[in-house]
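Subject: Structure for your review

Dear colleague,

Please find the structure below, together with its sequence. My notes on what was found in it follow.

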Amino acid sequence: METNIKKIEDMSLNAWPSHKMELYDGWILRFSYFYTHRTNSVEQFGVSSLPWREKIPYCEKEYRRLGTPAIFKISPLVSPDFDYTLENRGYEIQHTTDVMTVCLADARLDAPCPDVVFSSSIPDLWIYSLFDLKGTTSIIHRTVVPSMYRAIPKETICAFIQKEGKIIATGLGILDRDYIGIYAIHVKEQYRRQGLARQICTGLLAEGRKHGAENAYLQVVEGNASAQKLYSSLGFRHFYTYWFRVQPSERR
């Protein structure tokens with residue numbers, strides 16, 4: 001199981017590059033102007049030789065210089081003692097996330113929907129439509145994040161649904177090894193609960209299978225019951241959980 005978790009953790013790093021990254025003794029410090037926790041946190045990906053009492057303050061200093069709190073991602077691959085260390089330093093848990101997987105041979109897919117449009121590239125229109133769907137108004141994010149999408153090193157399958165010339169639903173599949181990762185599932189609020197997210201997901205999984213993927217994974221924030229219900233109905237099952245430890249304000 002640990003090997004498969006490591007594989008998905010590696011693929012998720014490939015799938016969503018940060019604006020800036022620093023390698024530090026088996027850790028990777030990711031910075032993206034606090035766009036998301038995932039792209040603005042420290043992840044452990046290799047063997048460390050330095051003690052935590054030295055490394056944690058170093059990371060705190062680096063993120064302080066960049067103007068954001070230090071955030072550490074805690075997955076099952078991270079020692080529980082490290083999580084306890086951060087807890088004792090006052091770090092709080094935020095954005096607990098469930099990783100779900102499915103074997104595509106067992107996925108329960110609907111018939112293809114002709115309304116879903118696919119593209120092998122990620123058009124600017126898709127990116128800025130996604131910003132609008134998510135309510136992203138930060139000038140810095142709207143300037144920097146497009147380059148993060150363009151920096152994805154793996155083959156992508158971009159999906160969207162349009163109505164009256166505007167994108168009202170999005171999704172992104174990222175192919176890596178024998179998996180397709182499902183990302184950026186968003187639907188314009190007035191069109192929700194009409195099955196559009198399901199159409200996007202079904203289309204991406206079917207396209208992934210055409211491209212040779214045998215499995216799929218996705219990440220959903222704990223407590224998002226409607227999304228978890230949708231993904232479960234497609235055959236996804238919970239695999240593991242991770243969360244973020246966020247530096248308290250008094251230590252910044």
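In these notes, a residue is called buried when its relative accessible area is under 20%, exposed when it is over 50%, and partly exposed in between, using a 1.4 Å probe and protein chains only. This is a predicted model, in which local features need pLDDT of at least 70 and side-chain atom pairs count only at pLDDT 80 or more, while totals for chains, interfaces and linings use all residues. Residues are numbered from 1 along each chain as its sequence is written, and side-chain values use heavy atoms, leaving out hydrogens and water.

Cysteines

C158 counts as buried because its relative accessibility is 0%, whereas C113 is partly exposed at 21%. A disulfide is a covalent bond between the sulfur atoms of two cysteines; the criterion applied here is a pair of cysteine sulfur atoms within 2.5 Å. A search of the whole structure finds zero disulfides.

Q219 and S12

Q219 belongs to strand 10 (residues 215-221), and S12 to helix 1 (residues 2-15); helices (H or I, at least four residues) and strands (E, at least two) are DSSP runs numbered from the N terminus. Both are buried, Q219 with 17% relative accessibility and S12 with 3%.

Contact here means heavy atoms within 4.5 Å. Not counting residues up to four places away in sequence, Q219 touches S12, R38, T97, D98, V99, Y183 and Y242.

The side chain of S12 reaches the backbone oxygen of E9 at 2.8 Å.

S12 and L218 are 9.2 Å apart in space, C-alpha to C-alpha, although 206 residues separate them in sequence.

Yours sincerely

Notes:
Polar contact = N/O pair within 3.5 Å; in protein donor to acceptor, adjacent residues only side chain to side chain.
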